[in-house]
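Please open the model in a viewer and keep the selection panel at hand.

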Amino acid sequence: RPCLSAIVSKSLQVKEFDLEQTADQWIYLDLDRRVQAGEGDESTLEAGVRVAAALAAEAMLENRAVGITAAGHRVATLPADRGGRQHQKIMSLLAAVGADGSTPLMETLIVGLPRLRRGMTAGVVTPSLERAWVRPLGSLRTRGIASAVCLLDRAGYDTHWRHATGRPAQPREVLAEQERVARGMRHALAEYDLPVYPIVPGRKLAELLVSPGGQRDAAVRT
C-alpha cells in the first residue's frame, strides 16, 4: 500500500465535506470482509482507507481532534486527539488494516456511538448495504451530533476490478439485484436525512466529497 501521507498531501481536497467544521470528528471505517469487493488498488478496501485518511488529514489541518474506529480482525480504536502525533498514529493504523473483519457495521456503531458527545461529528466509510446500521447513525441527530456517510459502490468496484483483470462480468440478473438493494439503501438513508457521498471508481481523490446527494453525475470517484 503506498504511503498514505503522500497520497493525501498530493491530492487532498475535501473542503466541501458537509460536517460541522469546528467540531471534533470520529471516523468509522468498515472492514467487514463480507461487504468488500475487488482486490488491491481496485477494491473497496483501498478506496475506504484513502477516504478515511483524507477526512482525518483535512480535519487535523483545521486543528480539530480526530478519533477513528477501524473494525477489522480486531476493532482498533484511537481516541480523539489533535496534532502531528495523532495524525501519524491514524496513518499508521490505516496503513496496516485489511479487509479481515467479521463484525457487522451495525454492531460497531452500537458499541462506538455512545462515546460521542454533543457537537461532535461522525463520518462512516463503508460499502455495506445492510440497512440495519442506518438507524443507529440516524439517531445521532437527537443528541446534537452531526453525521455523514461515505458509501462505497460495492457493485461498481467489483465491475471495475473484473474489467481491469479480464474477469467475466456478473450476470445481468445479479447486477439487477445489486441495483435493487442499492436503491433500498439510498431510500433508507434518505428517510433519516443523512448526507451521503457515493464513492465510485474512476476519478482522482482530489474530486472527493464535493457534494452529497447520490446522483451518479455527482458521485465521488477514487
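Begin by selecting Leu31, Ala70, Gly72, His73, Arg74, Ala76, Leu93, Ala96, Val97, Gly98 and Asp100, which line the second largest pocket. A pocket is an open set of points on a 1 Å grid over the protein atoms alone, with protein on both sides within 12 Å along at least five of seven lines, and lining residues have an atom within 4 Å of a point. The space in this second largest pocket is about 160 Å³, a volume being the space filled by probe spheres set on the points, with grid points joined across faces, edges and corners. Its lining comprises 6 nonpolar, 3 polar and 2 charged residues; here Ala, Val, Leu, Ile, Met, Phe, Trp, Tyr, Cys and Pro count as nonpolar, Asp, Glu, Lys and Arg as charged, and the others, Gly among them, as polar.

The model is predicted: local features need pLDDT of at least 70, side-chain atom pairs count only at pLDDT 80 or more, and totals for chains, interfaces and linings use all residues. Residues are numbered from 1 along each chain as its sequence is written, and side-chain values use heavy atoms, with hydrogens and water left out.

Next, select Leu29, Asp30, Leu31, Gln36, Thr44, Leu45, Gly48, Val125, Thr126, Pro127 and Leu152, the lining of the second largest cavity. In a cavity a 1.4 Å probe fits but cannot get out. Strand E1 (25-30), helix H2 (44-61) and strand E6 (121-126) each contribute at least two lining residues; helices (H or I, at least four residues) and strands (E, at least two) are DSSP runs numbered from the N terminus. H2 gives the most, with 3 residues.

Val49, Ala52, Ala53, Ala56, Ala57 and Met60 of H2 meet Gln86, His87, Ile90, Met91 and Leu94 of H3, where contact means heavy atoms within 4.5 Å.

Finally, colour by pLDDT, the predictor's confidence in each residue, from 0 to 100. The mean is 85, and 81% of residues reach 70 or more. Over residues 214-221 the pLDDT is below 50.
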